[in-house]
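Please bring up the sequence and the model side by side.

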Amino acid sequence: MTDRTIICDAIRQRLLLEFRYGGLPRVVEPYVHGISTRGVEVLRAIQVGGSSNSGGFGYGKLWTVADITALRITTETFPADDPNYNPNDSAMQNIHCRIEREAAPDKT
């Protein structure tokens, strides 16, 4: 399975991803995967576990897919309820897969 397939499967199923990045273990909620405006394959995700050099927990961060190792999908789901999430991520010129926003309930 390619990294793209693994990432997009996790996004579609709303499952956490685990990987190593910068030599550290990471656990993230994946939201968007695609090609950045710089032409690099990236993942927009919120780190919720593992280690971080920058204290980068709780907000959407761009991860360079080429720098991700030991990528795997967990069996743990996440609610995909980040209020700052934008499905039309301006950091990406081409989106392969993303969490779709739920339609707002009709208030009539």
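We can begin with R12, which counts as exposed because its relative accessibility is 58%. Throughout, buried means under 20% relative accessible area, exposed means over 50%, and partly exposed lies in between, with a 1.4 Å probe and protein chains only. Before going on, please note that this is a predicted model, in which local features need pLDDT of at least 70, side-chain atom pairs count only at pLDDT 80 or more, and totals for chains, interfaces and linings use all residues. Residues are numbered from 1 along each chain as its sequence is written, and side-chain values use heavy atoms, with hydrogens and water left out.

What does R12 pair with? It forms a salt bridge with D9, and the closest N and O atoms are 2.8 Å apart. A salt bridge here is a side-chain nitrogen of Lys or Arg within 4 Å of a carboxyl oxygen of Asp or Glu. Both D9 and R12 belong to helix α1, three residues apart, or about one turn of the helix. Helices (H or I, at least four residues) and strands (E, at least two) are DSSP runs, numbered from the N terminus.

The structure holds four salt bridges, and another of them joins R72 to E18 at 2.9 Å, N to O. This pair links distant parts of the chain, since R72 sits in strand β5 and E18 in strand β1, 54 residues apart. R72 is partly exposed at 43% relative accessibility, and E18 is partly exposed too, with a relative accessible area of 26%. E100 and R98 also meet through their side chains, at 3.4 Å from N to O.

Now let's turn to the aromatic rings. Five aromatic pairs are present; rings of Phe, Tyr and Trp (its six-membered ring) pair if their centres lie within 6.5 Å, with planes under 30 degrees apart counted as stacked, over 60 as edge-to-face and the rest as tilted. F19 and Y21 have ring centres 6.3 Å apart and planes at 70°, so they are edge-to-face. F19 and W63 are edge-to-face as well, because their centres are 5.3 Å apart and their planes are at 80°. F19 lies in strand β1 (residues 15-21) and W63 in strand β4 (residues 60-64), so this pair ties together parts that are 44 residues apart in sequence. Ring pairs link F19, Y21 and W63 into a cluster. Is F19 buried or exposed? It is buried, with a relative accessible area of 3%, and Y21 counts as buried at 15%.

F19 and W63 bring us to the nonpolar core. In soluble globular proteins, nonpolar side chains tend to be buried together. The largest core has 27 residues, and those with the most contacts inside it are L17, F19, Y31, L43 and W63. Such a core is a set of buried Ala, Val, Leu, Ile, Met, Phe, Trp, Tyr and Cys residues joined through side-chain atoms within 4.5 Å. The largest share of this core, five residues, comes from α1.
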